[in-house]
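This briefing sets out selected features of the structure displayed below. The points are grouped by topic for use alongside the sequence and the coordinates.

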Amino acid sequence: MKAKLATALAGLLAVAALIAPAASATPFQRDVFVRDNVSDVGNEPSAGSIYYSPDIKVCSTPVLCAVSQNPVVGVNNYVFVTLRRKPGGIGFVDGNLHLYRSNLGGGTAWPGGWTYIGTAGSSVPVGGTTVMITWPGWNVPGPAHFCLLARWVSNADPMTFAEGANTQLNAQRNNNIAWRNVDSVRVRPFEPVRVPYTIGNPERADARQNLIFEQPRPFAGTATIDLGQELTARWKAAGGRATGVKQVGETQFQLVDTKASIDGLVLKGDERIETALTFATDREAGPAELHVRQVDVQGTDLGGAQYLINEKD
């Protein structure tokens, strides 16, 4: 009887080991991490937003700027990435920081959906360090809206989980990977601003996904998403489900609540479709914030963007 119980217990522990995430592949004394969000302390997997890393900043000069800026097309930009150490760190940890860019949006598959920018070697002290990588002007195509992916690669500090096609999961599971997808938008009265958002399917099979819109600081104007004819037709064929939006054109939907969603968007395997957001106002509007998140039918986060509107520098 005891033998059977021991065998059953061993089996349950084995299953639990497969389900439970590893604490880290690296002892804390040698662990280097890049924050996924302001609350991130380097735990794996991390909690909260994945694609707003405060440790990645784009600057127009090789001097660290206080607030991340939009990249300027056709000229050199400079990306600063802060590499942090866990409390109780010992010595220096050597490795290389690799930087990639993509179109603004979610569901960008790894590695095919990303374009290499550059690499910088670093020896990270116990207090952490900030590394700069030049983003060459020829590698900054229009429009000037991108997501950036930083990967710290080190023999002394390996990835905890093997990387797969889902970039969001890679970043959440590994504190060596961080994703920044922030767009600063300046909206003046009677001057609508249109910015792209690319929705993508990182898997090879067709899938249904939802777009979620959240406004922690509501915009004193209108925000409209244009799905385009193909995606709108697929959405209607799948049932045309949405909350918190009002259709204002053949393919345009205005956000009318601080939390809204467009559900059941059908994407083919490895497909990426560019949509667009338009911000407009008829009066001076103060700072506002819009989060766009892409999730699958199980609710798994696949990426997104944070739009800072009329943010003070």
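**Helix α3 and Trp 235**

Trp 235 is found in helix α3. The model is predicted, so local features need pLDDT of at least 70, side-chain atom pairs count only at pLDDT 80 or more, and totals for chains, interfaces and linings use all residues. Residues are numbered from 1 along each chain as its sequence is written, and side-chain values use heavy atoms, with hydrogens and water left out.

- Helices (H or I, at least four residues) and strands (E, at least two) are DSSP runs, numbered from the N terminus.
- Trp 235 counts as buried because its relative accessibility is 7%; buried means under 20% relative accessible area, exposed over 50%, and partly exposed in between, with a 1.4 Å probe and protein chains only.
- Not counting residues up to four places away in sequence, Trp 235 touches Gly 240, Arg 241, Ala 242, Phe 253, Ile 262, Asp 263, Gly 264 and Leu 265, where contact means heavy atoms within 4.5 Å.
- Trp 235 and Gln 254 are 19 residues apart along the chain, and their C-alpha atoms are separated by 16 Å.

**The five-stranded sheet**

- An open sheet of 5 strands has antiparallel pairing and the order β10-β17-β12-β15-β14; two strands pair if DSSP finds at least two bridges between them.
- The edge strands, β10 (193–200) and β14 (245–247), each pair on one side only.
- From one strand to the next, the twist averages 30°; axes are lines fitted to C-alpha atoms, for helices over the stretch in contact, and angles run from 0 to 180 degrees between N-to-C directions.
- Helix α3 lies across β10, β12, β14, β15 (252–255) and β17, and runs at about 100° to β17.
- Strands β12 (residues 222–226) and β17 (residues 272–280) pair in the antiparallel sense over 5 bridges. In β17, Thr 278 is the bridge partner of Thr 224, and Ala 276 stands opposite Asp 226.
- Strands β12 and β15 also pair in the antiparallel sense, over 3 bridges; Thr 224 stands opposite Gln 254 in β15.
- Strand β12 is largely enclosed by the rest of the structure, because 4 of its 5 residues are buried.

**The six-stranded sheet**

- An open sheet of 6 strands has mixed pairing and the order β9-β19-β18-β11-β16-β13.
- β9 (182–185) and β13 (241–243) stand at the edges with a single partner strand each, so one side of each is left without a neighbour in the sheet.
- The twist of this sheet averages 20° from one strand to the next.
- Strands β13 and β16 (residues 259–267) run antiparallel and are joined by 3 bridges. Ser 261 in β16 is the bridge partner of Thr 243.
- Helix α3 (residues 228–237) packs on this sheet, where it touches β13 and β16, and its direction makes about 95° with that of β16.

**Nonpolar cores**

- The largest nonpolar core has 29 residues, of which Phe 213, Leu 277, Phe 279 and Tyr 307 touch the most other members. A nonpolar core is a set of buried Ala, Val, Leu, Ile, Met, Phe, Trp, Tyr and Cys residues joined through side-chain atoms within 4.5 Å.
- Strand β16 gives the most to this core, with 4 residues.
- Among the residues that Phe 279 touches, not counting those up to four places away in sequence, are Val 185, Val 195, Phe 219, Leu 290, Tyr 307 and Ile 309.
- Another core, of 22 residues, lies apart from the largest one and includes Val 34, Val 58, Val 131 and Ala 178.

**Backbone features in loops**

- The peptide bond from Glu 44 to Pro 45 is cis, with omega near -5°; Pro 45 lies in the loop between β1 (32–33) and β2 (56–59).
- Trp 110 and Pro 111 are joined by a cis peptide bond with omega of about 0°; Pro 111 is placed in the loop between β4 (93–103) and β5 (115–124).
- Phe 190, although not a glycine, has a positive phi of about 60°. The residue is found in the loop between β9 and β10, and Phe 190 counts as exposed at 66% relative accessibility.
- Asp 270 is not a glycine, yet has a positive phi of about 60°; Asp 270 lies in the loop between β16 and β17.
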